[in-house]
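This briefing concerns a single protein chain.

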Amino acid sequence: ESSSRRGSAYRTRGPRRRTSGSSTHSKHSSMESSTGASSDSTPGMVPILTNVESIFETLEHHHALLCNCATNSFSEDLGKWQKRLQTLETVLHLWMDVQRDWDEMEDIFASGDVRAILPKESRIFTSADQSYRQLMKEVKSNANIYQSTSKSGRTEFLTKLQ
């Protein structure tokens, strides 16, 4: 089942703004296309994964379908697809963990005060932030969930960001 029937799995997250000593962020705006690519080119917007519950439901459904077909002559091919689906699910869970951590850290390091107090940690976060933003920019340009999660080195990259 295509993601276009379930809605986009991507949204954008706006840049943080400092106002009266407190950090705030702009609202998330839904991406318009069925592939998850946004027509919004506002500088500082970061695509984020959303609605992944529907992706996990679809994965579970596909796992069940493959299990039901396992007794036929295509068992070798089915095993390959089961492994692909398991990898997709594992990487997507890791990705969501990284995104949650990035979101929390971005809130913390949005403050110039925190950056001044923790310069070493700020540099580490800045490096991770740039890597994460580049990753999400790539995903935005090709929002195929299978291709995004099965890309060579993706698991290692996400583990490094975590």
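The model is a predicted one. The chain contains 7 helices and 5 strands, and its accessible surface amounts to about 9,900 Å².

**Overall make-up**

- Read from the N terminus, the elements follow the order α-β-β-β-β-β-α-α-α-α-α-α.
- The chain has 162 residues, of which 31% count as buried.
- Carbon and sulfur atoms account for 53% of the accessible surface.
- Of the contacts between residues at least 6 apart in sequence, 69% link residues at least 24 apart.

**Helices H3 and H5**

- Helix H3 spans residues 75-109 and helix H5 spans residues 119-141; their axes come within 11 Å and cross at roughly 130 degrees.
- Because of this angle, H3 is oblique to H5.
- The crossing of H3 with H5 is left-handed.
- H3 contributes Trp-95, Val-98, Gln-99, Trp-102, Met-105, Glu-106 and Phe-109 to the contact, while H5 contributes Glu-121, Ser-122, Phe-125, Asp-129, Tyr-132, Arg-133, Leu-135, Met-136 and Val-139.
- By class, the residues of this contact between H3 and H5 comprise 10 nonpolar, 2 polar and 4 charged.

**Helices H3 and H7**

- Helix H7 covers residues 154-161, and its axis and that of H3 come within 9 Å, crossing at roughly 25 degrees.
- The angle is under 35 degrees, so H3 counts as roughly parallel to H7.
- H3 and H7 cross in a left-handed sense.
- On the H3 side the contact involves Val-91, Leu-94, Trp-95 and Val-98; on the H7 side it involves Arg-154, Thr-155, Leu-158, Thr-159 and Leu-161.
- The contact of H3 with H7 is made up of 6 nonpolar, 2 polar and 1 charged residues.

**Helices H5 and H7**

- The axes of H5 and H7 come within 10 Å, with a crossing angle of roughly 145 degrees.
- This crossing of H5 and H7 is left-handed.
- Ala-128, Ser-131, Tyr-132, Leu-135 and Glu-138 of H5 meet Arg-154, Phe-157, Leu-158 and Leu-161 of H7.
- The residues joining H5 and H7 divide into 6 nonpolar, 1 polar and 2 charged.

Notes:
Residues numbered from 1 in each chain as written. Predicted model: local features only at pLDDT ≥ 70, side-chain atom pairs only at ≥ 80, totals over all residues. Heavy atoms only, no water. Helix = DSSP H or I, 4+ residues; strand = E, 2+ residues; numbered from the N terminus. Buried < 20%, exposed > 50% of the residue type's maximum accessible area, 1.4 Å probe, protein only. Contact = heavy atoms within 4.5 Å. Areas by Shrake-Rupley, 256 points an atom, 1.4 Å probe, with all protein chains shown as cover. Axes fitted to C-alpha atoms, helices over the stretch in contact; angles between N-to-C directions. Parallel < 35°, antiparallel > 145°, perpendicular 65-115°, else oblique. Left-handed = near helix turned anticlockwise from the far one by under 90°. Nonpolar A, V, L, I, M, F, W, Y, C, P; charged D, E, K, R; others polar.
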